[in-house]
Amino acid sequence: MTVIAMRCPACRTTDAVPPSALLVDVNTVTDDASCAAAVAWICAGCHELVCAPVEWAPLLAMIGAGAVLLDSAEVDEPSGAGPA
Ligand SMILES: [Zn+2]
């Protein structure tokens, strides 16, 4: 199984995370131009949802491996658009 090494910014544990467990938020704006997106996952060390910025190359590798892209457009959906 493909796994991606992610280093937790909180506890410094390096996890081998399956791509399907990675949440990629491409709408998160950072000041660092080298960062393409923020990636969130459940850290095996601190058992929390942690988030770290990633650069373009690892981001594309994650997406190619099956990481989940968060679509913030769903959050901004008008309230009248619910099921009839
Ligand atoms: Zn951690």
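**Terms and their grounds**

User: Why is Ala 67 counted as buried?

Analyst: Ala 67 has 24 C-beta neighbours inside 10 Å. A residue is buried if 20 or more other C-beta atoms lie within 10 Å of its own, exposed if 12 or fewer, and partly exposed in between, with C-beta atoms placed from the backbone. Ala 67 therefore counts as buried. Buried residues make up 17% of the 84 residues in the protein chain.

User: What kind of model is this, and how are its residues numbered?

Analyst: This is a predicted model, in which local features need pLDDT of at least 70 and side-chain atom pairs count only at pLDDT 80 or more, while totals for chains, interfaces and linings use all residues. Numbering starts from 1 along each chain as its sequence is written.

User: What is the mean pLDDT of the protein chain?

Analyst: The term pLDDT denotes the predictor's confidence in each residue, from 0 to 100. The mean for the protein chain is 84, and 79% of its residues reach 70 or more. Where pLDDT is low, the predicted coordinates should not be read in detail.

User: What makes up the secondary structure, and where does Ala 67 fall?

Analyst: Helices (H or I, at least four residues) and strands (E, at least two) are DSSP runs, numbered from the N terminus. The protein chain has 1 helix and 6 strands, in the order β-β-β-β-β-α-β from the N terminus. Ala 67 is found in the loop between helix H1 (56-65) and strand S6 (68-69).

User: Which residues are in contact with Ala 67, leaving aside its neighbours within four places in sequence?

Analyst: Two residues are in contact if their C-beta atoms, placed from the backbone, lie within 7 Å. With those neighbours left aside, Ala 67 is in contact with Pro 19, Leu 22, Val 24 and Met 62. Across the protein chain, 45% of the contacts between residues at least 6 apart in sequence join residues at least 24 apart.

User: What makes S4 and S5 a pair?

Analyst: Two strands pair if DSSP finds at least two bridges between them. Strand S4 (residues 35-42) and strand S5 (residues 49-55) are joined by 7 bridges and run antiparallel. Ala 38 has Pro 53 as its bridge partner in S5, and Cys 35 has Glu 55.

User: How many bridges join S1 to S2?

Analyst: S1 and strand S2 (residues 14-17) are joined by 4 bridges and run antiparallel. The bridge partner of Ala 5 in S2 is Ala 16, and that of Arg 7 is Thr 14. In this hairpin, with 6 residues between the strands, Arg 12 takes a positive phi near 70°.
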